[in-house]
Amino acid sequence: MTTLAPLPDALRLLPQRLHDLALAAAAERNDGAPEDPLTVPLYESDFTRLSLAPMRQGWHVEYFGETWGDAFDETLACLSRQDVADCLTSLSFSGPDSGANGSREWMFTPLLESAVMFPRLRSLFIKPTQPEDHNQSLVCTSDGILEEGGDIARWVRKTPHLSELTVPNPPNADFFAVPLPQLTSLCVGAHFDTQNFIRNLATATQLPGLTLLDFSESTEQQMVWPADRAPGGITAFEDYEALLHSPVGAQLRVLRLRNTCLDLAQLQQLQGVRQGLQFMVIQSTIGGYVSHFAQDVFPWRHLVPADPGLAPYRK
């Protein structure tokens, strides 16, 4: 019989602590008056939570809430304890899409600057931006404005047995210097800066077990007209080609490209490099408001396509 890692008191009590913070926020908005939980309007702060579940002889922890404030700060403080990190096999971060037309900035600075390590952690999930979201999610450093700054690399240095990684934006080149011998699945969400991810991956030597890559192209192709994009803002076909010809590309079994603007000939040429590769194209771009179409301020025509079973799509 396998033994489940003991649950430290600090982690066991954290869900109730976050609930208490949500109740305090409710009391503040009502000037201390009691609420009927069955009739009061639902507020985003009411859903802030931390969930625990046993997983692979350790514990899965799922944080759902804002990327700032007491709940997030106390969660990071708890995760920075070595007795807590020792029992974790899976971590997930997500939250509400509050506000409009902005960013959701995951700053893990207190945890990343601590000495804590996660010796059991096999899965790290930080939810990527969804097509319906108003705000773009990203992991970013506290030292810059909307810059990843190597924080994803700092994360994975603490997880020597990581097998699955999902992040909302591409890591910079520092990521590829970290030995990740057990990483098999890597999912990278869309952001306006690809940080030359595919080009860097093509020369990577520290990912001997990677077999699944799910990569989302830059959001610049849906937000900025081609003439106004920064040079190199969109991943070049040559970078994808270099990846599939590389040792990393040779070991891939599954490749998913999201929101690519490669044409049919280019996609078929990539498939020809690896005939046995399970190569999928997924178009799930960010949404746009119909009221903005008439202003023609961003590329929007992909949002109103013709029936794909009709001309000009059929031969």
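Predicted model: local features only at pLDDT ≥ 70, side-chain atom pairs only at ≥ 80, totals over all residues.
Helix α2 covers residues 14–29 and helix α3 covers residues 70–79; their axes come within 10 Å and cross at roughly 165 degrees. Since angles over 145 degrees count as roughly antiparallel, α2 is roughly antiparallel to α3. The crossing of α2 past α3 is right-handed. On the α2 side, the contact is made by Leu14, Arg17, Leu18 and Leu21, and these meet Asp70, Ala71, Glu74, Thr75 and Cys78 of α3. Sorted by class, the contact of α2 with α3 has 5 nonpolar, 1 polar and 3 charged residues.

Leaving out residues up to four places away in sequence, Thr75 touches Leu14, Leu18, Leu50 and Tyr63. Leu14 and Leu18 belong to the α2 side of the helix contact, while Tyr63 leads on to the aromatic residues, as a member of one aromatic cluster.

That cluster is made up of Tyr63, Phe72, Phe93, Trp106, Phe108, Phe118 and Trp155. In the model as a whole, the count comes to 16 aromatic pairs. One of them joins Tyr63 and Phe72, whose rings sit 5.5 Å apart, centre to centre, with 50 degrees between the planes, a tilted arrangement. How accessible are these two residues, buried or exposed? Tyr63 counts as buried because its relative accessibility is 1%, and Phe72 is buried as well, with a relative accessible area of 1%. Trp106 and Phe108 have ring centres 6.0 Å apart, and their planes are at 5 degrees, so this pair is stacked. Both Trp106 and Phe108 are buried too.

Setting aside neighbours within four places in sequence, Ser94 is in contact with Tyr63, Phe64, Gly65, Trp106 and Lys127. Two of these contacts, Tyr63 and Trp106, are members of the aromatic cluster described above.

Helix α9 takes in residues 237–245 and helix α11 residues 264–273, and the two pack at an angle of about 15 degrees with their axes 9 Å apart. Angles under 35 degrees count as roughly parallel, so α9 and α11 are roughly parallel to each other. Here, too, the crossing is right-handed, with α9 passing α11. Phe237, Tyr240, Glu241, Leu244 and His245 are the α9 residues in this contact, and they meet Gln266, Gln269, Leu270 and Val273 in α11. By class, this contact of α9 with α11 has 5 nonpolar, 3 polar and 1 charged residues.

Thr285 lies in the segment after β11, the strand covering residues 278–282. With a relative accessible area of 15%, Thr285 is buried. The C-alpha atoms of Thr285 and Glu132 are separated by 9.0 Å, even though these residues are 153 residues apart along the chain. Beyond residues up to four places away in sequence, Thr285 touches Pro131, Gln222, Asn259, His302 and Leu303.

Most residues other than glycine have a negative phi. Gln57, though not a glycine, has a positive phi of about 70 degrees. This glutamine sits in the loop between β1 (49–55) and β2 (58–64), and Gln57 counts as partly exposed because its relative accessibility is 42%. Gln195 is also not a glycine, and its phi is positive at about 50 degrees. Gln195 lies in the loop between strand β8 (185–188) and helix α7 (197–202).

How values were computed:
Residues numbered from 1 in each chain as written. Heavy atoms only, no water. Axes fitted to C-alpha atoms, helices over the stretch in contact; angles between N-to-C directions. Helix = DSSP H or I, 4+ residues; strand = E, 2+ residues; numbered from the N terminus. Parallel < 35°, antiparallel > 145°, perpendicular 65-115°, else oblique. Left-handed = near helix turned anticlockwise from the far one by under 90°. Contact = heavy atoms within 4.5 Å. Nonpolar A, V, L, I, M, F, W, Y, C, P; charged D, E, K, R; others polar. Buried < 20%, exposed > 50% of the residue type's maximum accessible area, 1.4 Å probe, protein only. Phe/Tyr/Trp six-rings, centres within 6.5 Å; stacked < 30°, edge-to-face > 60°.
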